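Colleague: Please look at the model with me, and let us work through it by question and answer.

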Amino acid sequence: MARIRRPRYLCFFCEDFPFLDIDQLLRGQLEQIAARQLAAFSILCGETVELSPEDLELVLATPSSEWVESSDEVRARALARQGVLLIDEDDEELAELRRRDERLTELNWNLESAVYHFVARWRGVDLRENGADLEPPSSQAVRDFVDAFGAPPPAFYAVEGDRVELPTVTRDGQLYDVLLRRRTARSFDLARDLPLEELAGVLRYVFGYHGFARLLGEITTLKRTSPSAGGFHPVEAYPLLLRVEGVEPGLYHYNGRDHALERIAALDPGDARELAAELVCGQTYFADAHVLVALAARFDRAFWKYRNHPKALAALLMDAAHLSQTLYLVCTEMELGAFVTAAVNNADIDERFGLDGFQEGVLAVCGFGKPAAHPSAFDPTFEPLP
Ligand SMILES: Cc1cc2nc3c(=O)[nH]c(=O)nc-3n(C[C@H](O)[C@H](O)[C@H](O)COP(=O)(O)O)c2cc1C
């Protein structure tokens with residue numbers, strides 16, 4: 001008899017969806033009622049699956065801390081294939097799901113954070129239609145959106161209360177100039193390659209390590225130009241090089257201690273551009289950059305300190321966001337265009353760079369390169385405030 005266990009990384013929810021009332025329909029009336037569907041999100045498979053009350057009963061009757069014998073093997077096996085139960089059968093796919101549950105536990109993944117992270121871990125999302133480059137939405141499409149959902153909440157925000165008027169301060173210097181010039185680039189110069197020195201400069205000042213400290217003689221914390229929760233710097237940079245002088249296009253890891261690129265896979269230049277587009281969900285204007293950098297969290301390092309912690313994932317996302325802002329600033333100073341995007345196919349990027357997604361996985365992608373002479377049709381024109 002097969003033995004089963006409930007995965008530790010599972011969440012249940014109930015969804016209402018509109019449904020035609022069949023009784024009313026037979027009486028010639030069209031009436032919508034809310035049908036309720038029980039579902040589970042299996043973190044092990046990264047998928048939502050519908051459950052019957054009998055499925056739920058079996059899952060809830062099964063402990064997560066020990067293996068027990070199953071009285072309904074057919075149902076148990078079907079649920080195990082969906083990552084809603086674990087079954088100790090000799091099958092590679094089922095064994096892999098058992099390993100994932102063990103791995104998430106060993107890595108101290110917090111359950112609720114795992115739900116959020118794996119729900120948002122995309123695969124194969126492509127915003128293009130029929131492979132054509134993306135176009136900005138038409139004014140009619142924007143109008144239809146506003147008609148459907150109403151106008152957005154106001155851009156400027158004020159609260160009632162006494163006001164303290166502040167003096168206007170104007171600071172001079174390169175930092176303030178760079179801050180005011182920072183913008184997102186969506187058009188890159190396809191005719192020029194990025195000099196190796198410029199790639200090296202960005203990597204060193206954004207992702208390189210500039211110092212370390214030993215805490216209590218045991219724990220090494222690191223110094224970068226961005227802050228990091230606990231000084232742990234668990235976010236790694238994985239560049240996808242498209243057009244850099246003297247370096248083959250391909251997938252790399254940046255070693256921030258040795259200031260070196262470690263090649264993971266070489267790519268044909270044409271394949272590299274299409275791969276870049278796929279990784280950023282078809283945003284072809286970003287795929288034209290000279291370099292894309294996947295920001296990947298080392299969950300094992302972060303969760304070693306913040307064990308099972310409900311804030312640990314938020315801290316990782318903030319670390320990645322700080323790195324992206326530093327990248328924008330360094331690129332602005334170097335007259336390079338830069339961007340960041342959260343619309344990424346994390347699961348596909350993980351696979352291409354050889355990351356398992358559980359111990360280490362991609363959070364966001366940024367990129368940079370020589371800007372084109374003209375902005376992209378996607379770029380907003382910002383007017384100065386009066
Ligand atoms: C977390 C995050 C995600 C973003 N994702 C996208 C994206 O998917 N596509 C895009 O074109 N821009 C993206 N951007 C860039 C924003 O659209 C941009 O910052 C915003 O329009 C303001 O323009 P600015 O950066 O030039 O000031 C993103 C920015 C951030 C911070």
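Colleague: In which sense do strand S1 and S5 pair, and over how many bridges?

Modeller: This is a predicted model: local features need pLDDT of at least 70, side-chain atom pairs count only at pLDDT 80 or more, and totals for chains, interfaces and linings use all residues. Residues are numbered from 1 along each chain as its sequence is written, and side-chain values use heavy atoms, without hydrogens or water. Helices (H or I, at least four residues) and strands (E, at least two) are DSSP runs numbered from the N terminus, and two strands pair if DSSP finds at least two bridges between them. S1, residues 3-5, pairs with S5 in the antiparallel sense, over two bridges.

Colleague: Which residue of S5 stands opposite Ile4?

Modeller: The open sheet has the order S5-S1-S6. Opposite Ile4, S5 places Val68.

Colleague: How far is a polar side-chain atom of Arg182 from an oxygen atom of the ligand?

Modeller: A polar contact is a pair of N or O atoms within 3.5 Å. For Arg186, a side-chain N or O atom is 2.8 Å from an oxygen atom of the ligand. For Arg182, the distance from a polar side-chain atom to a ligand oxygen atom is 2.8 Å.

Conventions: A polar contact is a pair of N or O atoms within 3.5 Å; within protein, one must be able to donate a hydrogen and the other to accept it, and residues adjacent in sequence count only if both atoms are side-chain atoms.
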